[in-house]
Amino acid sequence: KDMVLLRSAYGGTSDFHDIQYHLNIPSTDPLNADNAIDPAARALYMGVSRPPFTLMDGNSANVQGFSLNAIEIDRRALTDPEFDITIDTINLAGLPGANNKIHPVLKLKANKVPTAPLLVHVALIENTVGTSKNVLRKFLFGPDGATLINTWTVGQEITVDKGPIDINVPIVNSGQLTLVAWVQNRTTREVLQS
């Protein structure tokens with residue numbers, strides 16, 4: 001029932017951003033009822049028709065020549081990221097309805113010049129929901145993310161700010177929330193950095 005996006009980063013130990021997308025395929029999943037649109041949009045974009053299914057950096061473990069194993073994880077961990085990402089939130093204290101809003105601000109810095117449009121996502125993840133881990137609660141830039149068609153230069157920085165966003169999905173424990181952001185090649189689906 002879960003589709004997982006993994007990203008490793010070099011730093012002495014492997015570091016993963018594990019996101020589980022709960023779909024109503026092949027059977028009903030109660031966590032899907034909380035937000036069916038975002039997981040379905042991601043599954044459609046990534047070409048997942050039947051979970052369970054695993055992806056790492058936009059590559060499928062079901063694709064010839066790709067295998068999710070320790071060697072592949074180490075290989076990807078040594079790949080220089082094409083972007084640096086910084087994510088922050090703006091304090092909304094004092095605004096009406098601030099308890100149900102979040103204002104993420106994403107900063108991207110190009111380490112290489114991308115050759116295709118980019119897709120940027122910021123996901124609100126609940127770390128533990130019952131026995132499930134890292135459950136996607138909401139894509140904060142919408143189910144399709146934000147498409148960037150900028151002409152880039154090395155070292156160029158841009159800010160993606162969609163303003164305050166309503167958290168209109170159930171949250172079991174607000175102390176168990178994490179934001180995960182990533183940028184990927186919109187055409188090849190390869191995750192360039194998270």
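Reader: What makes helix H1 largely enclosed by the rest of the structure?

Author: In this predicted model, seven of the 10 residues of H1 (residues 37-46) are buried, so the helix is largely enclosed. The buried residues are Asp-38, Pro-39, Ala-41, Arg-42, Ala-43, Tyr-45 and Met-46. Just after H1, Gly-47 has a positive phi of about 75°.

Reader: How many aromatic pairs does a search of the whole structure find?

Author: The search finds two aromatic pairs.

Reader: Why is the pair of Phe-83 and Trp-152 called edge-to-face?

Author: The ring centres of Phe-83 and Trp-152 are 5.1 Å apart, and pairing requires centres within 6.5 Å. Their planes stand at 80°; an angle over 60 degrees counts as edge-to-face. The pair is therefore edge-to-face.

Reader: What parts does the pair of Phe-83 and Trp-152 tie together?

Author: Phe-83 lies in strand E5 (residues 83-89), and Trp-152 in the loop between strand E10 (146-148) and strand E11 (157-161), so the pair ties together parts 69 residues apart in sequence.

Reader: Why does Trp-152 count as buried?

Author: Buried means under 20% relative accessible area. Trp-152 has a relative accessibility of 6%, so Trp-152 counts as buried. Phe-83, with a relative accessible area of 0%, is buried too.

Reader: Why is the pair of Phe-139 and Trp-182 edge-to-face?

Author: The planes of Phe-139 and Trp-182 are at 70° and the ring centres are 6.0 Å apart, so this pair is edge-to-face. Phe-139 is in strand E9 (residues 132-139) and Trp-182 in strand E13 (residues 177-185), 43 residues apart, so the pair links distant parts of the chain. Both Phe-139 and Trp-182 are buried.

How values were computed
Residues are numbered from 1 along each chain as its sequence is written. This is a predicted model: local features need pLDDT of at least 70, side-chain atom pairs count only at pLDDT 80 or more; totals for chains, interfaces and linings use all residues. Side-chain values use heavy atoms; hydrogens and water are left out. Rings of Phe, Tyr and Trp (its six-membered ring) pair if their centres lie within 6.5 Å; planes under 30 degrees apart count as stacked, over 60 as edge-to-face and the rest as tilted. Helices (H or I, at least four residues) and strands (E, at least two) are DSSP runs, numbered from the N terminus. Buried means under 20% relative accessible area, exposed over 50%, partly exposed in between (1.4 Å probe, protein chains only).
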